[in-house]
Structure formats: C-alpha cells, structure tokens
Amino acid sequence: MAAFVVLAVAAFTVLNPPTTHTIWSEKQRLGSVDRSWVRFEDVAPVMGRSVVAAEDANFCEHWGFDMTAIRAAIAEGAQRGGSTLSQQVVKNVYLWQERSWLRKGLEAGLTPLVEGIWSKRRILEVYLNVAEFGEGVFGVEAASWHYFGVGPEALTARQAALLAAVLPSPRTRDAGRPSKAVSRRAQAIMDGAATIAADGRAACFEGGQAG
C-alpha cells in the first residue's frame, strides 16, 4: 500500500492529473466544464506570484504546513483558513472537498510526501491547472479566456490579482465583474505579489521566468 501511494505521488511529477474529484463532480452536475492544461512556463509569472501572495505567502519557506497560519486559523476559528497551496493540491488531486477527520488525516500524511517528491514549481503548476475560478471554470487557461479574453501568458498584474482574489469563493465572486470587496482584495494581492518578488519569496518557483 505504501509503495502504491509513493508511486501515485511520483507519477504526477511528470504526468498531469487528468481530473479531480471536484472537476468530475461538477462535470456530472453541469454536463461539461471548461478546462485546458497549460504549462507553467506558458503562464505570466505574475499569476504565480499573485496566487502565492493570496493563498500562501510563505510557500517557498515551508515544508507543506505553515504553522504560523495554522495557529492564526485556530485562533480566529472559521474566519480564515490555514491550508497551504501544497495542502490544497493534495486535497484537490488525491482527495475530496468535504471536511472530515479522515480527509484531514490523509491530507496530513500526503502533504509532506508531495513536498518531498514534487518541486515547488510543480506544486504551483498543478494548483494553477486544477483550481476552480468560477462555476465550471477550472484552471488558469480556461479562466483567462473566460474572464478576460486572453491567454494566461498575457495576463496583466491586475487581471492575475483578480483571478487570485476569487479563489476562496469562486462560485460567488466574479473576476470579470468584481465587486468593490473583490477589487480591494485584488489590490492587496497586487501589492503582496510585488513584495514577494522583491524579497525573494518567489525564488523557489520562478526559476528563469521574468515579467
């Protein structure tokens, strides 16, 4: 069993996950979903920085769990989440969305394994391709065209920040027609993305990318 789990994690270092439980269930509910895989190098670098700034500012510094964020989440109860991008990828790719102690336990066991086998760049690449950005809209390729009519390589800093701003609640927020709250959140994400680029917290996934 352990060997199978390691193999399943190692396989997705080179193979792209064909679907997730959420994508599959939404396809059953809606009849179809909008999703196309895109390579990380074909996404505007500011998109990666925006997602990290929005969801996991210490992504390059932790080993799968951000203990500071977890403690803050516990202190604030349901007002915020403490999951890292690595945990979200594990939940999306290997598990399911509904909260339960079983899912949390499996997530806790798989996250260090993914962190140990995948690169940070790969974790972020998979996240960008499986994240839900709207009802039936999965991945940054589909989201870029759906909301802005451009490919992900052409996203501006503002557009990338708006996409990142909808991630916590993609079925109630609209990147193309943002509310005042989403616009404010996007501005904060733009500032955060610029900060992590300047202080080196994007180095683990940027590599030779620029822009």
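Predicted model: local features only at pLDDT ≥ 70, side-chain atom pairs only at ≥ 80, totals over all residues.

I begin with a pair of charged side chains: Glu 125 forms a salt bridge with Arg 122, and their closest N and O atoms are 2.6 Å apart. The term salt bridge here denotes a side-chain nitrogen of Lys or Arg within 4 Å of a carboxyl oxygen of Asp or Glu. Both Glu 125 and Arg 122 belong to helix 7, residues 120-130, where they are 3 residues apart, about one turn of the helix. Helices are DSSP runs of H or I with at least four residues, strands are runs of E with at least two, and both are numbered from the N terminus. Glu 125 and Arg 122 are both buried; buried means under 20% relative accessible area, exposed means over 50%, and partly exposed lies in between, with a 1.4 Å probe and protein chains only. Elsewhere, salt bridges that share partners join Glu 26, Arg 29, Glu 132, Glu 135 and Arg 171 into one network.

Residues are numbered from 1 along each chain as its sequence is written, and side-chain values use heavy atoms, with hydrogens and water left out.

How many salt bridges does the rule give? The count comes to 12. Two of them may be followed in helix 6. Glu 107 meets Arg 103 in a salt bridge at 3.1 Å, N to O, and Glu 107 also meets Lys 104, at 3.9 Å, N to O. Arg 103 and Glu 107 are 4 residues apart in helix 6, about one turn of the helix. Lys 104 and Glu 107 are likewise separated by about one helical turn, because they are 3 residues apart in helix 6. Are these side chains buried or exposed? Arg 103 is buried, with a relative accessible area of 3%, and Glu 107 is buried at 2%, whereas Lys 104, at 34%, counts as partly exposed.

Helix 6, residues 101-117, also holds Leu 110 and Thr 111. Leu 110 has 14% relative accessibility and therefore counts as buried; Thr 111 is buried at 0%. Which residues does Leu 110 touch, not counting residues up to four places away in sequence? They are Val 5, Val 9, Val 90, Tyr 94 and Leu 95, a contact being heavy atoms within 4.5 Å.

I turn finally to the chain as a whole. The protein chain has 11 helices and 2 strands, in the order α-α-α-α-α-α-α-β-β-α-α-α-α from the N terminus. Of its 211 residues, 46% count as buried. Among contacts between residues at least 6 apart in sequence, 69% join residues at least 24 apart. The C-alpha atoms fill a box of roughly 45 × 45 × 40 Å along the principal axes.
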